Amino acid sequence: MMVDSEIRTEEQPAEHPLVARLRGGVADAVLASQAFRGDATAIVPRAKLLDVCRFLRDDAELRFDMLVDVTAVDYLGRVPRFEVVYHLYSVPMNHRIRIKVALDESDPSLPSLVPVWVGANWLERETWDLYGIVFDGHPDLRRIYLYEEFQGHPLRKDYPKTKRQPLIGPGAASSACAEGSGR
């Protein structure tokens with residue numbers, strides 16, 4: 001017969017030091033975290049994103065001076081539907097962290113990180129262009145890959161792959177005429 005002292009409990013893995021530092025620096029900033037093969041990920045609420053990023057940039061032990069990438073993931077059918085993913089790197093400290101923010105389909109918007117890292121400018125434009133995530137306060141949020149008349153955001157999973165787009169540019173009028181005449 002096993003007694004209480006013999007019951008073994010699994011030890012929880014220690015939290016990644018970068019995430020622990022973030023938790024200590026910004027109250028209620030980390031909703032969840034994970035670490036895999038040395039890569040740290042922190043899931044943060046939208047309301048804390050700017051505070052988290054400023055802390056990660058300005059903290060003397062972290063010094064995340066480079067925003068490497070901004071992208072999104074569309075989990076069609078899941079609530080919340082979208083996840084915006086930020087990859088950060090510290091050149092002087094040689095460490096990385098991934099920050100994720102979940103967004104509902106009804107309000108896919110976040111504050112712009114251009115005031116924190118100027119390099120966010122084009123990365124946010126790309127994410128808006130392809131996924132339709134709005135970055136509030138962005139200085140120039142317009143399409144970067146697709147033309148202005150393009151309708152929709154093609155990396156959303158519900159984007160119809162056979163959707164026809166408006167014709168633009170030289171020859172668009174003659175192409176539209178040719179299509180209409182059955183040629």
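**Questions and answers**

User: Is D59 buried or exposed?

Analyst: The relative accessibility of D59 is 10%. Buried means under 20% relative accessible area, exposed over 50%, and partly exposed in between (1.4 Å probe, protein chains only). At its 10%, D59 therefore counts as buried.

User: Good start. How many helices and strands does the secondary structure of the protein chain come to?

Analyst: First, a word on the source: this is a predicted model, in which local features need pLDDT of at least 70 and side-chain atom pairs count only at pLDDT 80 or more, while totals for chains, interfaces and linings use all residues. Residues are numbered from 1 along each chain as its sequence is written, and side-chain values use heavy atoms, with hydrogens and water left out. Helices (H or I, at least four residues) and strands (E, at least two) are DSSP runs, numbered from the N terminus. Their order is α-β-β-α-β-β-β-β-α-β-α, and the totals are 4 helices and 7 strands.

User: Which residue forms a salt bridge with D59 through its side chain?

Analyst: A salt bridge here is a side-chain nitrogen of Lys or Arg within 4 Å of a carboxyl oxygen of Asp or Glu, and the structure holds 13 of them. In the pair with D59, N and O are 2.7 Å apart and the partner is R21. R21 lies in helix α1 and D59 in the loop between α2 and β3, so the pair ties together parts 38 residues apart in sequence.

User: At what angle do the axes of helices α1 and α2 cross?

Analyst: Axes are lines fitted to C-alpha atoms, for helices over the stretch in contact (heavy atoms within 4.5 Å), and angles run from 0 to 180 degrees between N-to-C directions. R21, L22 and G25 in α1 meet V52, F55 and L56 in α2. The axes of α1 (residues 17–25) and α2 (residues 49–58) come within 10 Å, and they cross at roughly 120 degrees.

User: Which residue does E83 pair with in a salt bridge?

Analyst: E83 is buried, as its relative accessible area is 9%. The closest N and O atoms of the bridge are 3.9 Å apart, and the partner of E83 is R78. Another group, made by salt bridges that share partners, is one network of D74, R81, E105 and D158.

User: Which residue does a cis peptide bond join to V79?

Analyst: V79 sits in the loop between β3 and β4 (82–90) and is exposed, because its relative accessible area is 72%. Its C-alpha is 9.0 Å from that of A102, 23 residues away in sequence. The cis bond has an omega of about -5 degrees and joins V79 to P80.

User: What is the phi of R37?

Analyst: R37 is placed in the loop between β1 (32–36) and β2 (39–43). At 75% relative accessibility, R37 counts as exposed. Its phi is positive in a residue other than glycine, near 50 degrees.

User: And what is the phi of R63?

Analyst: R63 belongs to the loop between α2 and β3, and it is partly exposed because its relative accessible area is 38%. R63 is a residue other than glycine with a positive phi, near 50 degrees.
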